[in-house]
Amino acid sequence: MAHRCNSILVVRAFVLFSLLRYPGGYSCQDLRTSNFGGIMAASKSAQLFACNFEVFGRVQGVFFRKFTAQTANTLGIKGWCMNTKDGTVKGQLEGPLPQLNEMKHWLQTKGSPQSSITKAEFSPAKEIDAYTFSSFEIRR
């Protein structure tokens with residue numbers, strides 16, 4: 001639901017921008033195809049976001065960091081993760097919002113096959129101008 005709401009907000013913002021820039025307006029067909037005179041609609045997915053996370057439960061000694069790195073690399077997420085002295089796994093994620101949200105969902109609900117997640121906490125996602133990391137790494 002949140003993804004759909006974000007998409008609607010992006011379309012509304014783009015329409016407002018388009019009306020200010022191109023006073024003639026656009027048809028409903030233009031809105032559906034998102035092609036305004038050869039200019040593609042702006043997309044939230046092109047923007048980068050970052051957030052911190054901490055996962056609680058049985059997440060150490062069950063290859064949680066390894067599976068986290070594999071999943072992040074599959075989704076194109078950059079950042080890092082590490083075990084803590086408190087028995088949790090914490091880290092940072094960077095990527096486009098849809099992939100970031102998918103990674104957050106994976107951390108909350110799936111994890112490694114032998115893990116048992118009791119909760120996952122995330123800082124609010126903040127927009128960033130560029131990646132800080134070149135890959136996703138496991139820190140020790």
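## Basis of the model

The structure is predicted: local features require pLDDT of at least 70, side-chain atom pairs count only at pLDDT 80 or more, and totals for chains, interfaces and linings use all residues. Residues are numbered from 1 along each chain as its sequence is written, and side-chain values use heavy atoms, with hydrogens and water left out.

## Overall architecture

The protein contains 4 helices and 8 strands, arranged along the sequence as α-α-β-β-β-α-β-β-α-β-β-β. These elements are DSSP runs numbered from the N terminus, with helices (H or I) of at least four residues and strands (E) of at least two.

Of the 140 residues, 31% are buried; buried means under 20% relative accessible area, exposed over 50%, and partly exposed in between, with a 1.4 Å probe and protein chains only. Among contacts (heavy atoms within 4.5 Å) with a separation of 6 or more, 75% link residues 24 or more positions apart.

## Annotated active site

An unreviewed UniProt entry carries the annotation "active site" for Arg65 and Asn83. They span 19 residues in sequence, yet no two of their C-alpha atoms are more than 7.9 Å apart, so they gather at one spot. UniProt positions are given in the numbering used here, feature names are shortened, and annotations may be inferred rather than shown by experiment.

Arg65 belongs to helix H3 (residues 64-75), while Asn83 is part of strand E4 (residues 78-83). The side chains of the pair are joined by a polar contact of 3.5 Å. Such a contact is a pair of N or O atoms within 3.5 Å; within protein, one must be able to donate a hydrogen and the other to accept it, and residues adjacent in sequence count only if both atoms are side-chain atoms.

Beyond four places in sequence, Arg65 touches Cys81, Met82, Asn83, Val89, Ile138, Arg139 and Arg140. With the same exclusion of neighbours within four places, Asn83 contacts Val59, Gln60, Arg65, Thr88 and Val89. Asn83 is partly exposed, at a relative accessible area of 26%.

## Backbone at Phe63

Phe63 lies in the loop between strand E3 (48-58) and H3. Although not a glycine, Phe63 has a positive phi of about 60 degrees. Most residues other than glycine have a negative phi. Phe63 counts as exposed, with 54% relative accessibility.
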